[in-house]
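Thanks for coming, everyone. Please have the sequence and the model open while I talk.

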Amino acid sequence: MLKLGVVGVGGIASMHVDNIVTGKCPGIEIVAMADRKESRRKWAAEKVPAAKIFTEGADLIKSGLCEAVLIAVPHYQHPEMTILALQNGLHVMCEKPAGVYTLQVREMIAEANKHPKLTFAMMFNQRTNCVYRKIKEMVENKTIGELKRINWIITDWYRTQFYYDSGDWRATWAGEGGGVLLNQDPHQLDLLQWMFGMPVKIHAFCHEAKYHDIEVEDDVTAYMEFENGATGVFVTSTGDAPGTNRLEVTGTKGKIVCDYNSISFTELEVDERTWCVTEKSGYKIPNTKQIQVETDGENPQHIGVLNAFVKHIKEGTPLVADGREGINGLMISNAMYLSSWTKQTVDLPIDEQKFLELLNEKRKTSKHKVVEETTMSIDGSFGSTSQWTRK
């Protein structure tokens, strides 16, 4: 059994804890938990009576009780807690995002590289989704030909004002470091680079406080360019009801349409690039065949990530996501912010120092919120994830 400590016992961590104590992660034993809120410490003690309860994550990490930790604290603390855990000889599973800005994540990666015998993993549970694994396969084996265009509308992250008022750190530049891009979309931004590679240029419009009384962005439209000349549009919001989760991927041999957990592929009989220069009529497109793409149906989500984490530590089998990969999706969101703030197209990798300087300007004007802290149930809170896991 892997002796695990949980640092931060809020909404997402409570789900992980429940999965473990109900036997869905049989290789894990929770031996310690930490949270600064008394109400969460009380919940932790009742949920796992055998676990030692700490107020500070640093004390848990230094206690010697654990072999590994699950980091589930606010975003700015992800690198700090991960670095401390690695320095104390612990394996680390870090919740998304890897951090708020890439320079701090580079420090985390540098520390991980000093400890090659320790496992550093990231909770990118959407990589376990059969739908996205299949699309990645179709892109990599050239089923769609060469990539031409990506359009992703992911707006079913609807949040009420109550949600944003439930914590003093939420939706502030100083407390959270961003809005929909940093809280809801790290999974999609990770999937984007995992399936299609990193964009090389981004021009984005991040609208702050468009639909909510908050400091950060709740509505984003971004244009992207990729190394091979392919382009993309990424649209996201927490203000659309009803929302949409629709991904279209166009290649030279056809088009994928992914609508929640359904994949259809319109296959061209002839590669469009060949057809374009050989067809003798001016308007005709190649003959097409409509295919409903089958997947293996497997979608273990968070449970799969944790079980892979344990198996990697014990047996050396692959992780779902190495923690070092967390910088990629964060680089994309940092680029979107930087483009919006400067009103310019930015190249990737971005000027990371400039981004941090502008972020720090935002943090200086961030207002401290006085709210009645609320720990909400996460049931139904994952937006499109709830649909992605439907059978």
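**Helices, sheet and salt bridges**

Let me start with helix α13, residues 352-364. At 1.5 Å a residue, its 13 residues should span 18 Å, and its end C-alpha atoms are 18 Å apart, so the two values agree. The expected span here is 1.5 Å times one less than the number of residues. Helices are DSSP runs of H or I with at least four residues, strands are runs of E with at least two, and both are numbered from the N terminus.

A word on the source. This is a predicted model: local features need pLDDT of at least 70, side-chain atom pairs count only at pLDDT 80 or more, and totals for chains, interfaces and linings use all residues. Residues are numbered from 1 along each chain as its sequence is written, and side-chain values use heavy atoms, with hydrogens and water left out.

Back to α13. Which of its residues are buried? Glu352, Phe355, Leu356 and Leu359. They cover an arc of only 95° around the axis, so they sit on the same side of α13. That arc is taken from the directions from the helix axis to the C-beta atoms. Buried means under 20% relative accessible area, exposed means over 50%, and partly exposed is in between, with a 1.4 Å probe and protein chains only.

What do the buried residues of α13 pack against? They pack against α5 (102-113) and α12. Contact here means heavy atoms within 4.5 Å. At the N-terminal end, Asp351 caps α13, with a side-chain oxygen 3.3 Å from the backbone nitrogen of Gln353.

Now helix α1, residues 11-21. It is mostly covered, with 8 of its 11 residues buried. Among them are Met15, His16, Val17 and Ile20. The buried residues of α1 pack against β1 (2-7), β2 (28-34), α2 (38-47), β4 and α11. After α1 comes Gly23, with a positive phi near 85°.

Two strands pair if DSSP finds at least two bridges between them. Take β7 (147-154) and β11 (245-251): they are antiparallel, over 7 bridges.

Last, salt bridges. The rule is a side-chain nitrogen of Lys or Arg within 4 Å of a carboxyl oxygen of Asp or Glu. How many does that give? It gives 22.

One of them joins Glu67 to Lys314, with the closest N and O atoms 3.9 Å apart. Glu67 lies in the loop between α3 (57-61) and β4 (68-71), and Lys314 lies in helix α11 (301-315), so the pair ties together parts 247 residues apart in sequence. Glu67 is partly exposed at 31% relative accessibility. Lys314 is partly exposed too, at 46%.

Glu325 and Arg127 also meet in a salt bridge, at 2.6 Å, N to O. This pair links distant parts of the chain, 198 residues apart. Glu325 is partly exposed at 29%, whereas Arg127 is buried at 4%.

Finally, Glu146 and Lys142 form a salt bridge at 3.2 Å between the closest N and O atoms. Shared partners join Arg127, Asp190 and Glu325 into one network of salt bridges.

Definitions and conventions
A polar contact is a pair of N or O atoms within 3.5 Å; within protein, one must be able to donate a hydrogen and the other to accept it, and residues adjacent in sequence count only if both atoms are side-chain atoms.
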